[in-house]
Amino acid sequence: TTLQPDNGALRKIASLELHDMSDTGLCAFSVEPVTVNTSITLFFQPHGPEGGYDATGRVVRCLALDKGYEVGIRFESQAAAA
C-alpha cells in the first residue's frame, strides 16, 4: 500500500491486512495509524488465475484497537483487474 498526502509526494509504503471489501471501499487492519482523509493507492497482488491490480481511495476512518488500527478506505475509482 502506498500512502500519499494531497501534495502528491510519496509518503510511505505499508502492509494492510484486508478484513472485508465491497464495490465502494474496504476495511483493513494496520499496525500504524493512518490519517483520515489521506489519499491512498492500494496494490492487490495476483491470486490464482486473477491478475493483480491497483485501486485508489481515501481514508475515511482510523480506529485504535488493542494491537493496531482498523482503517476504512473509500475507493475513488472503480478497481479494475489488470
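Which residue of S7 stands opposite Arg61? Gly72 in S7 is the residue that stands opposite Arg61. The legends below place this pair in its surroundings.

The model is predicted: local features require pLDDT of at least 70 and side-chain atom pairs pLDDT 80 or more, while totals for chains, interfaces and linings use all residues. Residues are numbered from 1 along each chain as its sequence is written, and side-chain values use heavy atoms, with hydrogens and water left out.

**Figure 1. Overview of the chain.** The chain contains zero helices and seven strands; helices (H or I, at least four residues) and strands (E, at least two) are DSSP runs, numbered from the N terminus. From the N terminus on, the elements run β-β-β-β-β-β-β. Of the 82 residues, 29% count as buried, where buried means under 20% relative accessible area, exposed means over 50%, and partly exposed lies in between (1.4 Å probe, protein chains only). The accessible surface of the chain comes to about 5,400 Å², and carbon and sulfur atoms hold 51% of that surface. Such areas come from the Shrake-Rupley method with a 1.4 Å probe, and for residues only the protein chains shown count as cover. Among contacts between residues at least 6 apart in sequence, 46% join residues at least 24 apart; a contact means heavy atoms within 4.5 Å.

**Figure 2. Strands S6 and S7.** These strands pair in the antiparallel sense over eight bridges, pairing being assigned if DSSP finds at least two bridges between two strands. A hairpin of two residues joins S6 to S7. Strand S6 also runs antiparallel to S5, and six bridges join the two. In that pairing, Phe43 stands opposite Asp54 in S6.

**Figure 3. The salt bridges.** How many salt bridges does a search of the whole structure find? The search finds two, a salt bridge being a side-chain nitrogen of Lys or Arg within 4 Å of a carboxyl oxygen of Asp or Glu. Side chains of opposite charge can pair when their charged atoms come close. Glu76 forms a salt bridge with Arg58, and the closest N and O atoms are 3.0 Å apart. Because Glu76 lies in the segment after strand S7 (68-75) and Arg58 lies in strand S6 (residues 53-65), this pair ties together parts that are 18 residues apart in sequence. Glu76 is partly exposed, with a relative accessible area of 45%, and Arg58 is also partly exposed, at 22%. In the other salt bridge, the side chains of Glu70 and Arg61 meet at 3.2 Å, N to O. Glu70 counts as buried at 19% relative accessibility, whereas Arg61 counts as partly exposed at 32%.

**Figure 4. The largest nonpolar core.** A nonpolar core is a set of buried Ala, Val, Leu, Ile, Met, Phe, Trp, Tyr and Cys residues joined through side-chain atoms within 4.5 Å. The largest one has 12 residues in all, among them Leu26, Ile40, Phe44, Val59 and Ile73. At least two residues of this core come from each of S4, strand S5 (39-44), S6 and S7. In soluble globular proteins, nonpolar side chains tend to be buried together. Leaving aside neighbours within four places in sequence, Ile73 is in contact with residues including Leu26, Ile40, Leu42 and Val59.

**Figure 5. Strands S3 and S4.** Strand S3 (residues 17-21) and S4 run antiparallel and are joined by four bridges. A hairpin of three residues leads from S3 to S4, and Glu17 stands opposite Phe29 in S4. Leu18 has its place in strand S3 and counts as partly exposed at 46% relative accessibility. Apart from neighbours within four places in sequence, Leu18 is in contact with Leu26, Cys27 and Ala28. The C-alpha atoms of Leu18 and Phe29 are separated by 6.5 Å, although these residues are 11 apart along the chain.

Figure 6. The side chain of Ser30 reaches the backbone oxygen of Glu32 at 2.6 Å. Not counting residues up to four places away in sequence, Ser30 touches Leu16, Gly68, Tyr69 and Val71. Asn37 is found in the loop between S4 and S5 and counts as partly exposed at 44% relative accessibility. Phi of Asn37 is near 80°, a positive value in a residue other than glycine.

Key: A polar contact is a pair of N or O atoms within 3.5 Å; within protein, one must be able to donate a hydrogen and the other to accept it, and residues adjacent in sequence count only if both atoms are side-chain atoms.
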